[in-house]
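Biologist: I'd like to go through this one label by label. Could you show me the model before I start asking?

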Amino acid sequence: MALNARLDHRNPLVFDTHELGRRPGALQRLTRSVEAPRDLGIQGVVGVPEGAPVELELRLESVMEGVLVTGTARATAEGECVRCLEPLELELVADFQEMFSYPDADDRGRVIAEPGDDAEDDEDRFFLEDGMFDLETVLRDAVVLALPMQPVCQDDCPGLCSECGARLADDPDHHHDAVDIRWAALQGLAGSLEDGEKDEMSGAEPDVDEKQEK
């Protein structure tokens, strides 16, 4: 990733590393509760609602080429069960680790005269700006990886009835009498024949049997 736009220190996902003093081996531990940014998760499937609390635990370690950030994010994600379509909540724990490089140092920590010459390498890297870094992109990637692509309300959720859409978990004995389509036509034909015989019987002339006996 190329150099960030001007960072705003008031943004809760922007962190200051000046305390480390660019001293390799220096450590700093931080905890911070932030509001979830918009669209934090898998759109249309499951995610952390905008404004919901996200608890962050970070470990900042100064190294030769920049600051190594290791952390964990905890939050409650909301979505819909893919089997029964009922709302659900998931306790999210997302771990991440990312290097934020000094813009004037290469991957070995050596100072370079003109940072950013190699555009392709810069696209895959995160940089510090005035000793600060923005965690939002790293957090988004970590949350997406930690969330299930097909969330379910419970592992053994039976889903919905394919015929009427009833939620099977509410009625474990729910079923429909199956009719073999190969016999359905014959059953209909048999019913028609029975009806025809009854009609003939009801339309027979009276005293026919008596005449035949005479």
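Modeller: Let's start with two strands: β5 and β6 (residues 66–80) pair in the antiparallel sense, over eight bridges. This is a predicted model, where local features need pLDDT of at least 70 and side-chain atom pairs count only at pLDDT 80 or more, while totals for chains, interfaces and linings use all residues. Residues are numbered from 1 along each chain as its sequence is written, and side-chain values use heavy atoms, with hydrogens and water left out.

Biologist: What makes β5 and β6 a pair?

Modeller: Two strands pair if DSSP finds at least two bridges between them. β5 and β6 have eight, so they qualify. A hairpin of three residues joins β5 to β6.

Biologist: How do you know what counts as a strand in the first place?

Modeller: Strands are DSSP runs of E with at least two residues, helices are runs of H or I with at least four, and both are numbered from the N terminus.

Biologist: And which strand pairs with β2?

Modeller: β5 does, in the antiparallel sense, over nine bridges. Q28 of β2 stands opposite L60 in β5.

Biologist: Why is Q28 called buried?

Modeller: Buried means under 20% relative accessible area, exposed means over 50%, and partly exposed is in between (1.4 Å probe, protein chains only). Q28 has 10%, so it is buried. Its contacts (heavy atoms within 4.5 Å), leaving aside neighbours within four places in sequence, are D16, E19, L20, L58, R59 and L60.

Biologist: Buried or exposed: what about V34?

Modeller: V34 sits in β2 too (residues 27–35). Its relative accessible area is 4%, so it's buried as well. Beyond four places in sequence, V34 is in contact with P12, L13, A52, P53, V54 and L56. V34 and G51 are 17 residues apart in sequence and 8.3 Å apart in space, C-alpha to C-alpha.

Biologist: Which side chains of β5 point to the buried face?

Modeller: V54, L56, L58, L60 and S62 do, along residues 53–62.

Biologist: What makes E61 and R59 a salt bridge?

Modeller: The term asks for a side-chain nitrogen of Lys or Arg within 4 Å of a carboxyl oxygen of Asp or Glu. For E61 and R59 the closest N and O atoms are 3.1 Å apart, so the pair passes. E61 has 22% relative accessibility and R59 has 27%, so both are partly exposed.

Biologist: How many salt bridges does the structure hold?

Modeller: Six. Another one is R22 with D104, with the closest N and O atoms 2.9 Å apart. R22 lies in the loop between β1 and β2, and D104 in the loop between β7 (87–101) and α1 (119–123), so the pair ties together parts that are 82 residues apart in sequence.

Biologist: What is the phi of R22?

Modeller: Near 55°, a positive value in a residue other than glycine. Most residues other than glycine have a negative phi. D130 also has a positive phi, of about 55°, and is not a glycine. D130 lies in the loop between β8 (126–127) and β9 (132–134). At 44% relative accessibility, D130 counts as partly exposed, and R22, at 42%, does too.
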